[in-house]
Amino acid sequence: MKVKLFKIIGLGLLSFCLQAAPKLPKDIKWLSNDTDPVYASPDAKKGGTVHNFMTGYPITFRFVGPDSNGSFRSFILDNQFALIDVHPNTRNIIPVLATHWAFGSDKKTMYFKLNKLARWSDGKPVTADDFVFNLEFMRSKHIVAPWYNDYYTKEIDKVIAYDDHTLAVVSMKAKPDLHLTVSLAPLPRHFFGKLDKNFVKKYNWKIVPNTGPYQISTFKKGKHVTMKRKKDWWAKDLRYMKNRFNVDKYVLKVIRDSNIAWEHFKKNKIDFFNLTFPQYWHIKSKIPIFQKGYVNKIWFYNDMPQSASGMWLNQDRAIFKDKNVRYAFAHAMNVDKVIKKVLRGDYMRLQHGYMGYGEYTNSSIKARKFDIAKTKHYMQKAGFKRGADGIWKKGNMRFSVEVTYSAEPHTRRLVVLKEEAKKAGIELRLQKMDGPTMFKKFLEKKHDVAWMGWSTRIRPGFWEGFHSVNAHKPQTNNITNTDDKEMDKLIDAYRASLDAAERIKLAKTIQKKIHDVGCFVPTFMVPYVRRAYWRWIKLPEVPGTKWTESMFDRPFDVTTGGLFWYDPKLHKETKKMMKANKSLPPITIVNERYKMKI
Amino acid sequence: MRINPLTIKKFKRFKSIKRGYYSLLVFSFLILVSLFGELLVNSRALLVNYNGRLYFPTYGQMISGKVFGLDYDYETNYRDLAKRFKEDKSDNWVLLPMVPYNPFENDLKDDKYPPFPPSFSEKHYLGTDTIGRDIFARIIYGFRIAMGFSFILLLVNYSIGVTLGCLMGFWGGKFDLFFQRMIEIWANVPFLYVIIIIASIVTPNFITLIIIMAMFGWMGMTWQMRTTTYKEKAREYVLAAKTLGASNTRIIFKHIIPNTISIIVTYIPFSVSGGIVALTSLDYLGFGLPAPTPSWGELLQQGWANMNAYWIASSVILAMVITLTTVTFIGEAIREALDPKLHTTYE
């Protein structure tokens with residue numbers, strides 16, 4: 001009798017569940033992308049081992065929680081693929097774990113069909129439930145990661161699993177560029193099980209199953225980590241993954257000092273080296289291994305969002321209240337001379353604060369150039385006269401401003417600017433400060449001119465830096481104290497808009513507006529990477545993508561990583577030449593395919 | 001003014017110590033040169049003869065390029081002006097200083113990157129630093145700043161030290177006890193750390209740096225003066241003066257301090273060299289005077305970072321060796337000349 005009762009209750013529950021099971025809306029339109037250009041080389045061969053270095057050993061292999069935010073984490077996270085990503089050149093959505101996707105009419109929901117081939121590294125299939133688990137995981141108090149807790153609570157509403165291979169991710173609010181928010185990565189429920197308060201300790205050195213091309217195979221704490229290619233990787237034949245992730249093993253050795261790493265590189269104990277610093281590119285690389293052609297140099301221009309670095313004028317200072325004075329200041333900064341004569345022409349002039357954002361960038365804006373006549377024109381317009389010492393004066397106001405900075409290497413640039421500005425009648429007083437103290441001073445708006453750069457993101461943001469709600473008060477990023485009603489209107493509209501075309505138009509207008517306010521003097525950008533590599537490492541004809549930050553140091557990145565491969569024949573040949581001390585023609589590749597036009 | 005025969009004797013004695021005496025001559029010469037540095041090392045010309053009128057640009061306000069018929073408002077580039085006059089073959093001429101560069105300007109070239117090695121034709125006698133500034137100019141002006149710094153620091157330290165030390169020794173008792181303990185505590189504050197912390201919050205300028213250094217530098221002299229005053233106070237002449245009804249002020253200023261002056265003078269050269277070394281090392285570490293102040297420490301730092309540009313490190317090291325040796329030799333000679341043992345009746 002009892003058994004029967006249970007059965008009935010059980011059946012009842014089951015039918016209840018079935019009734020409550022979510023249903024996929026009928027009217028959705030599935031999208032996919034198998035037409036964008038591929039960027040890997042068809043000549044790529046699999047195999048080989050490459051060595052690179054890191055300056056410290058990771059404190060943990062956990063990717064969330066205390067001490068997890070080290071530089072090694074990207075090697076783990078890059079192997080945790082997400083549902084979709086964006087093509088590094090076209091910025092269109094490309095399939096990764098999902099084969100198809102669709103947008104909900106509420107502008108908050110995106111639907112995904114999972115690739116049925118997708119497997120965890122332990123062989124278990126990836127299911128929609130693993131995405132549901134991701135949300136549970138990220139919201140759990142046990143992972144001790146308040147930022148993730150907060151983000152996944154406030155930004156993501158829920159994940160709905162329709163069946164094993166169909167799901168929806170719902171954002172909290174309607175958003176422009178929804179796909180950048182809701183493309184979650186799965187986490188293996190079968191591996192983690194139920195989380196408890198021992199999570200942090202328990203998973204310190206656990207190797208979590210992943211979906212990417214590589215997995216940690218061996219490691220020796222304090223010495224090295226080896227990551228091994230999965231021979232039978234589920235995604236190896238996908239359109240945008242084919243011919244990529246080629247080497248069998250990627251070994252990261254701990255070398256705590258980059259000067260010592262350079263010696264390792266010269267002895268071929270590591271295969272790549274960062275030559276972005278002029279010192280290395282121009283001087284230190286004048287050694288036999290380069291001159292004899294055993295090592296190649298590459299200078300690859302990319303096209304990514306550039307840090308808005310330069311001089312930020314505090315408009316609450318009496319001297320900078322007048323627009324003419326701000327323009328005059330900009331025309332008195334001889335940035336081009338610094339680039340040409342101090343930085344060896346290696347850097348490029350930043351034209352404005354939002355370069356490299358693709359169609360969101362207003363490329364018609366040009367930075368104000370050094371021009372003493374223009375400075376004179378604007379200063380006279382503002383009612384100033386040159387004093388006996390050559391500096392502009394008006395009443396008891398003298399055009400002498402403090403430039404606050406923190407990086408010692410920048411002193412060389414600033415002293416040249418200072419001398420040139422003096423010619424234009426402006427005195428710069430250089431003030432070097434400790435990094436955090438400097439930043440505090442800026443946030444409290446106690447500076448005249450702030451010499452700094454902001455970090456970038458995927459789309460330009462204006463509210464923090466230029467909206468009047470953030471002006472005239474401490475601890476906001478509006479360090480220029482820009483307070484302009486029209487600007488506010490534009491920024492509010494940009495933030496409220498969900499329409500990409502409208503947002504692009506507004507972004508461009510705002511950039512023009514910022515240029516007209518003249519509170520920012522853009523200085524330098526470094527839109528390229530420079531590397532040295534032993535010649536048996538091969539790269540595609542176009543060695544990177546618009547968003548390539550390094551050809552070798554982010555080898556697992558889902559969109560830009562793993563384009564290089566190892567050529568055993570060339571390796572043997574080069575070794576022979578080295579033994580015989582014979583020279584090869586030295587090779588320096590300069591690739592300007594994606595170089596920004598200025 | 002009559003000079004005390006004893007003092008004359010001391011001077012003679014000092015003069016007879018050749019090493020110290022010549023060091024004094026060299027050192028005074030260096031100071032003299034640095035004081036008139038603008039006449040020797042400067043981008044401004046000493047004399048310009050333009051259309052029959054003479055100009056003396058060295059001191060005073062800048063003369064704009066327009067005055068000499070050039071097309072700009074800012075300060076005239078006299079090196080270019082000299083070249084131009086020569087090319088024009090006019091009667092105009094420019095008399096440039098020995099080194100026609102100031103310590104701030106960047107002499108950059110189109111095809112090469114600094115540091116540039118020493119060159120007589122370009123009048124960079126010691127080469128340029130990593131941003132193309134003349135090293136000789138930076139050494140001369142850096143010397144002047146270092147000397148000014150250590151003399152002012154010395155003045156501040158000694159005024160505090162002598163006053164407080166005298167009072168401690170003279171009054172004794174609780175006043176002495178209190179300051180003894182205070183100095184003991186204060187002396188334990190790690191001075192370099194404090195400067196580093198302060199320098200990271202505010203960029204120190206000349207005056208704040210002196211104040212910070214003086215805050216930790218007054219104790220040595222105070223200690224010394226306290227002991228000496230104690231000793232002198234117990235002498236019969238102080239007792240005699242007291243018996244005759246002399247006031248405390250009179251006793252201190254007329255009797256005690258003149259009798260301790262030899263000790264103070266002996267310490268001066270060593271404090272001067274200490275001041276130079278302190279400023280240089282702070283600049284070297286990047287916690288000294290703000291850029292672009294000419295400074296030996298900053299040059300030393302550049303030299304260290306660019307060992308292949310040997311002329312940077314070698315120039316500044318040579319300059320430091322010369323200065324510190326001469327100062328030390330002077331100090332030794334003074335000490336010997338003032339040694340009380342040589343002035344006893346048994347001589």
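A:Asn243 counts as buried because 20 C-beta neighbours lie inside 10 Å; the cut-offs are 20 or more other C-beta atoms within 10 Å for buried, 12 or fewer for exposed, and partly exposed in between, with C-beta atoms placed from the backbone. This is a predicted model, in which local features need pLDDT of at least 70, side-chain atom pairs count only at pLDDT 80 or more, and totals for chains, interfaces and linings use all residues. Residues are numbered from 1 along each chain as its sequence is written, while chains are lettered from A and ligands numbered from 1 in the order in which they are written.

A:Asn243 is not a glycine, yet its phi is positive, at about 65 degrees. The residue sits in the loop between β9 (224–229) and β10 of chain A. Helices (H or I, at least four residues) and strands (E, at least two) are DSSP runs, numbered from the N terminus.

Most residues other than glycine have a negative phi, and most peptide bonds are trans. A:His472 also has a positive phi without being a glycine, here about 55 degrees. Its place is the loop between α16 (463–466) and α17 (485–496) of chain A. A:His472 counts as partly exposed, because it has 13 C-beta neighbours inside 10 Å.

In chain B, the peptide bond between B:Pro114 and B:Pro115 is cis, with omega about 5 degrees. B:Pro115 belongs to the loop between β3 (93–95) and α5 (135–171) of chain B. Another cis peptide bond runs from B:Ala291 to B:Pro292, with omega near 0 degrees. B:Pro292 is found in the loop between α11 (248–285) and α12 (296–305) of chain B.

**The open sheet of chain A**

Four strands of chain A make an open sheet of mixed pairing, in the order β1-β10-β9-β8. The edges are β1 (49–54) and β8 (214–220); each has a single partner strand, so one side of each is left without a neighbour in the sheet. From one strand to the next the twist averages 20 degrees, with axes taken as lines fitted to C-alpha atoms (for helices over the stretch in contact) and angles running from 0 to 180 degrees between N-to-C directions.

Two strands pair if DSSP finds at least two bridges between them. β1(A) and β10 (residues 249–254) of chain A run parallel and are joined by six bridges. A:Thr49 is opposite A:Lys249 in β10(A).

**Strand β23 of chain A**

β23(A) runs antiparallel to β11 (residues 272–274) of chain A, joined by three bridges. It also pairs with β12 (residues 295–301) of chain A in the antiparallel sense, over seven bridges. A:Arg531 stands opposite A:Asn274 and is the bridge partner of A:Ile298.

**Contact between chains A and B**

The contact takes 24 residues from chain A and 21 residues from chain B, where two residues are in contact if their C-beta atoms, placed from the backbone, lie within 7 Å. On the chain A side, the elements giving two or more residues are α12 (335–342), α13 (372–381), α14 (411–423) and β19 (427–432). α14(A) gives the most, with seven residues.

By class, this side of chain A has seven nonpolar, five polar and twelve charged residues. Ala, Val, Leu, Ile, Met, Phe, Trp, Tyr, Cys and Pro count as nonpolar, Asp, Glu, Lys and Arg as charged, and the others, Gly among them, as polar.
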